[in-house]
Amino acid sequence: ANNPGIHGYITADDPNRLISYDPATATYTYKFYEGDATLTAVPNANYYVKGWYDRNNVRISETSSYTFVVDSNNTYFVRFKPARTVFVSGGGLALRNAVETAENGDTLVVAAGTYGGDIDISGKQIKLFGVKPDDPGVVEKTIIDCSGGSRGFIFSGGETSNTVLDGFTIINGGGDANDVVRGGAIFINTN
């Protein structure tokens, strides 16, 4: 869905670097001289960061903040998107595929069934709920089966309190034989 309009704003790690703001185009102009610079997108209520894009319209980040090296004139755009709900069913790889295509702000509502593990959240601010997370009878039938050698879910960095997981039964978690810390059901990478 196309949601024209401005749905948030941008801040810099050093607010004194702001040179100008054009409200007609929501264009912020910052001046940095050298080193690293960080811009942070702050969405309005019920909106999320869709991504940061370069001047060729290539998405370069899905996180709220984007850090870059100041070495030339750089132009970056941020896009915001409204929250949406996606219904997932069918078992197997359906949940992993839905998470891979999900964007910040999405809520995935998962039907009872058996789904494969190794679901990498990839730093996204998404919510995953079993269809009835408060009903133990449904939760026990909404299964993430890791098949003894993988993990259920992987939080690989960048997730926030906006990332929620509720209403699943995780079985047969094993982690990776090369890891010191197994994390068989849920692995949280803090590096």
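This is a predicted model: local features need pLDDT of at least 70, side-chain atom pairs count only at pLDDT 80 or more; totals for chains, interfaces and linings use all residues.
User: Good to know. Which residues have the most contacts inside the largest nonpolar core?

Analyst: The general idea is that nonpolar side chains tend to be buried together in soluble globular proteins. Here the largest nonpolar core has 16 residues, and the ones with the most contacts inside it are Leu-95, Val-99, Leu-108, Ile-121, Leu-128 and Phe-153. Helix α1 (94–101), β10 and β15 (153–155) each supply at least two residues of this core; α1 gives the largest share, three residues.

User: What does Leu-108 touch?

Analyst: Leaving aside residues up to four places away in sequence, Leu-108 touches several residues, among them Val-86, Val-88, Leu-95, Val-99 and Leu-128. There is also a second, separate core of 15 residues, which includes Ile-10, Ala-37, Leu-39 and Tyr-66.

User: Now the sheets. What is the strand order in the open sheet of three strands?

Analyst: In general, strands of a sheet pair through backbone hydrogen bonds, either parallel or antiparallel. This open sheet runs in the order β6-β5-β8, with antiparallel pairing. Its edge strands are β6 (59–61) and β8 (76–82), each pairing on one side only. Neighbouring strands are turned by 45 degrees against each other on average, direction ignored.

User: How many bridges join β5 and β8?

Analyst: Strand β5 (residues 47–54) and β8 pair in the antiparallel sense over seven bridges.

User: Last, the backbone. What is the phi of Ser-122, and where is Ser-122 found?

Analyst: As background, most residues other than glycine have a negative phi. Ser-122 has a positive phi, near 60 degrees, and is found in the loop between β12 (119–120) and β13 (127–130). Ser-122 counts as partly exposed because its relative accessibility is 44%.

User: And where does Asn-172 lie?

Analyst: Asn-172 lies in the loop between β17 (169–171) and β18 (186–188). Its phi is positive, about 60 degrees, although Asn-172 is not a glycine. With a relative accessible area of 44%, Asn-172 is partly exposed.

Note on methods. Residues are numbered from 1 along each chain as its sequence is written. Side-chain values use heavy atoms; hydrogens and water are left out. A nonpolar core is a set of buried Ala, Val, Leu, Ile, Met, Phe, Trp, Tyr and Cys residues joined through side-chain atoms within 4.5 Å. Buried means under 20% relative accessible area, exposed over 50%, partly exposed in between (1.4 Å probe, protein chains only). Helices (H or I, at least four residues) and strands (E, at least two) are DSSP runs, numbered from the N terminus. Contact means heavy atoms within 4.5 Å. Two strands pair if DSSP finds at least two bridges between them. Axes are lines fitted to C-alpha atoms, for helices over the stretch in contact, and angles run from 0 to 180 degrees between N-to-C directions.
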